[in-house]
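Trainee: Could you walk me through this one? I'd like to go bit by bit.
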Amino acid sequence: MPRTKTFDEQQALEKAMHTFWRKGYHATSMQDLVDAMGINRASLYDTFGGKKDLFDQAFELYRKTNAQGLQRFLEQQDSVRDGFRQLFAMAIAETQSEAGQKGCFVVNVTTELLPEDRSMEGVIRANKEGFTAVFHQFLQQGVASGELSADQDLEATANLFFTLYNGVKVVGKIPGQEKALMGAVEAALGALR
């Protein structure tokens with residue numbers, strides 16, 4: 001007879017996600033995960049598989065949650081310029097908070113695991129493509145509303161904002177960078193015409 005699970009799988013996965021995010025893949029031990037998730041080792045393996053399986057599920061949860069949050073935020077914006085300005089201001093403020101000091105999980109994984117772990121390459125590429133598609137769609141709204149010129153190179157601009165957003169998540173770990181980062185954001189917004 002199968003045993004009944006005495007823990008919430010989603011909560012356990014979220015705890016694993018935060019552990020991997022904070023410590024990195026290689027530095028996270030199975031004991032770290034057992035301790036953080038509050039479940040025994042057998043339940044961890046039975047429910048999530050090994051460390052790599054659990055990591056993949058935790059990373060997917062982060063990517064999905066992050067993408068949905070970005071989409072919801074941009075859908076609520078009336079202006080492309082102001083929407084991007086607010087998005088970057090929030091990202092900068094987050095990096096300066098204690099919780100934000102762990103950076104962006106995707107950026108951390110990219111710098112830790114690529115190029116050695118080719119299995120992550122497709123996931124990282126898909127993340128970039130998903131984010132730039134959301135930015136591209138938001139820029140298209142600006143063209144449709146007349147806020148942006150129809151001859152704006154939307155693909156290049158979406159890539160610019162994706163690159164800047166990830167750069168903010170890295171440089172923002174350095175204390176006291178708010179003014180410099182917002183200056184960079186304003187320069188990028190100046191590229192919108």
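Trainee: Where does Ile92 sit?
Mentor: Ile92 is in helix H5, residues 80–96. Helices here are DSSP runs of H or I with at least four residues, strands are runs of E with at least two, and both are numbered from the N terminus. Before we go on: this is a predicted model, where local features need pLDDT of at least 70 and side-chain atom pairs count only at pLDDT 80 or more, while totals for chains, interfaces and linings use all residues. Residues are numbered from 1 along each chain as its sequence is written, and side-chain values use heavy atoms, with hydrogens and water left out.

Trainee: Okay. Is Ile92 buried or exposed?
Mentor: Buried, because its relative accessible area is 3%. Buried means under 20%, exposed means over 50%, and partly exposed is in between, using a 1.4 Å probe and protein chains only.

Trainee: And what does Ile92 touch?
Mentor: Leaving out residues up to four places away in sequence, Ile92 touches Val168, Glu178, Leu181, Met182 and Val185. Contact means heavy atoms within 4.5 Å.

Trainee: Switching to rings. How many aromatic pairs are there?
Mentor: The count is 18 aromatic pairs. Rings of Phe, Tyr and Trp (its six-membered ring) pair if their centres lie within 6.5 Å; planes under 30 degrees apart are stacked, over 60 edge-to-face, and the rest tilted. Trp21 and Phe105 make a stacked pair, 6.1 Å centre to centre with 20° between the planes.

Trainee: Which helices does that pair link?
Mentor: Trp21 is in helix H1 (residues 9–23) and Phe105 is in helix H6 (residues 105–113), so the pair links distant parts of the chain, 84 residues apart. Trp21 is buried at 13% relative accessible area, and Phe105 is buried too, at 1%.

Trainee: What about Phe59 and Phe105?
Mentor: Those two are edge-to-face, because their ring centres are 5.1 Å apart and their planes are at 85°. Phe59 lies in helix H4 (residues 51–75) and Phe105 in helix H6, so this pair ties together parts 46 residues apart in sequence.

Trainee: Which residues do ring pairs link into a cluster?
Mentor: The cluster holds Phe84, Phe88, Phe131, Phe135, Phe138, Phe161, Phe162 and Tyr165.

Trainee: Which charged end sits over the ring of Trp21?
Mentor: That's Lys102, with its charged end 4.1 Å from the ring centre. Lys51 does this over the ring of Tyr25, at 4.5 Å. The rule is NZ of Lys or CZ of Arg within 6 Å of the ring centre and within 35 degrees of the ring normal.

Trainee: New topic: the bond from Leu114 to Pro115, cis or trans?
Mentor: Cis, with omega near 5°. Most peptide bonds are trans. Pro115 is in the loop between H6 and helix H7 (121–145).

Trainee: And where's Gly146?
Mentor: Gly146 is in the loop between H7 and H8. Gly146 counts as exposed, at 57% relative accessibility.

Trainee: Last one: how far apart are Gly146 and Arg22 in space?
Mentor: They are 43 Å apart, C-alpha to C-alpha, and 124 residues apart in sequence.
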